[in-house]
Amino acid sequence: MSARVRSVCAMAVAAALATAAVGPLAGAAPQPPGESSTVLPAGPPETSASALLSRLQTLYRQTEEATEAYNATDVELKRREEEDKKLAASLATARSALARSRGEAGRLAREQYQGRSELSTYLRLLLARDPQSALDQRHVLDRAAGERQAAVDRLARGEQRAADLARASRQALDEQQALAQRQRRAKDDVELRLKEVEKLLADLSPEQLAELTRLEAQGTEKAQESLLASGALSGTRAPSAAGDRALTYAVEQIGKPYVWGAEGPESYDCSGLTSQAWAHAGRAIPRTSQEQWAELPRVPLTSLRPGDLVIYFPTATHVAMYLGDGLVVQAPRPGSRVKVSPIAANPLLGAVRPDPAADPLSSYHPPSLPEGAAQGVDTGYSAESGPA
């Protein structure tokens, strides 16, 4: 493990332990006087540190899944709203054209009724003095009939187009309403999960919180050592110019709070941070971690370069940006802040590169990290069970 990685891991563990040992969270019941203080009170298996950690991590993961569902619905709702605006404009244009066609058809009907139209040439045709005059009158008659038929055809097409657009507009409105309901359900789901997390944490003693933090840090350190020992991240690579800009932006956000559904500039969730970082680098990427995993080109961990996105968990519900030297910049989870973490803080799924065709920089200097960049929790939404 490199000196930089050891330093970051040590700072993260120390900071997390210090935070957890300060005291109970608001709402936690104080320990009655006279009771002995132990790391974890004796009790049934479900109150053990590993069981509590597993429950907490499951709730965090469910929160992230609900958050990404909310984000995906929000993106789709905005897309549908833009489509609906275009549809409404097309419908207005079609209705204006239909009104003009109806006016033209009405004018022709009135002229025919009043005998002022070219249809009176029927009479002139019958009274023609010679064949040439008759042919001239026939030409005029054919032209009038053609104009009349064209007006009728325009009216029919206009009515059909207006009817089709009206149906499409009604369907779009129904779909928007369904998406809005889905978004509200996802929002309610996120808030429910967060309340469960808050209740679980509020019921824990300072000793239990410290033990949970120790177990999380222990699991992260073990996974990080195993990954680095495998040699998957060996070698030094430079980012592309856009990757450098995206990474610099992400580093500048360190210390800002995690807020679910947020995409800056004051707060972020995990995919809000990565999508905004690359947007500021001039490359638009999908909003959610699942879409980033599904749509962006994948790269092996052995080829990781700074600026690449690291995806976590089997359902791709968490994402971070690779910093280099086995570290990532990420927004870990609710209650945390954007920070630098070991890449193996969460179960790895794979990595993607937003600009696979771009060449790496010929010379590269990593961005300077602010003081305390590694402070706080590293884990996002961990696996079903706690670290072994």
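**Close-up 1. Gly 231 comes after helix H5**. In this predicted model, the phi of Gly 231 is positive, near 80°. The helix before Gly 231 is H5, which covers residues 206-229.

Close-up 2. The buried residues of H5 include Gln 208, Leu 209, Leu 212, Thr 213 and Leu 215. Further along H5, Gly 219, Thr 220, Gln 224 and Leu 227 are among the buried residues too.

**Close-up 3. Arg 214 and Glu 211 form a salt bridge**. Their closest N and O atoms are 2.8 Å apart. Both residues lie in H5, 3 residues apart, about one turn of the helix. An α-helix has 3.6 residues a turn, so residues three or four places apart point the same way. Glu 211 is buried because its relative accessible area is 13%, under the 20% limit. Arg 214, at 34%, counts as partly exposed.

**Close-up 4. Asp 355 forms a salt bridge with Arg 305**. The closest N and O atoms are 3.5 Å apart. Asp 355 lies in the segment after strand E6 (348-352), and Arg 305 in the loop between strands E1 (298-299) and E2 (309-312), so the pair ties together parts 50 residues apart in sequence. Asp 355 counts as buried at 10% relative accessibility. Arg 305 counts as buried at 6%.

**Close-up 5. Arg 353 forms a salt bridge with Asp 308**. Here the closest N and O atoms are 2.8 Å apart. Arg 353 is in the segment after E6 and Asp 308 in the loop between E1 and E2; the pair links distant parts of the chain, 45 residues apart. Arg 353 and Asp 308 are both buried. Elsewhere, salt bridges that share partners join Glu 263, Asp 269 and Arg 287 into one network. The salt-bridge count comes to 5.

**Close-up 6. Arg 283 sits in the loop between helices H7 and H8**. H7 runs over 270-280 and H8 over 289-295. Arg 283 is partly exposed, with a relative accessible area of 31%. Leaving aside neighbours within four places in sequence, Arg 283 is in contact with Trp 278, Leu 296 and Pro 354. The C-alpha atoms of Arg 283 and Asp 355 are separated by 8.0 Å, although the residues are 72 apart along the chain.

Note on methods
Residues numbered from 1 in each chain as written. Predicted model: local features only at pLDDT ≥ 70, side-chain atom pairs only at ≥ 80, totals over all residues. Heavy atoms only, no water. Helix = DSSP H or I, 4+ residues; strand = E, 2+ residues; numbered from the N terminus. Buried < 20%, exposed > 50% of the residue type's maximum accessible area, 1.4 Å probe, protein only. Contact = heavy atoms within 4.5 Å. Expected span 1.5 Å × (residues − 1). Salt bridge = Lys/Arg side-chain N within 4 Å of Asp/Glu carboxyl O.
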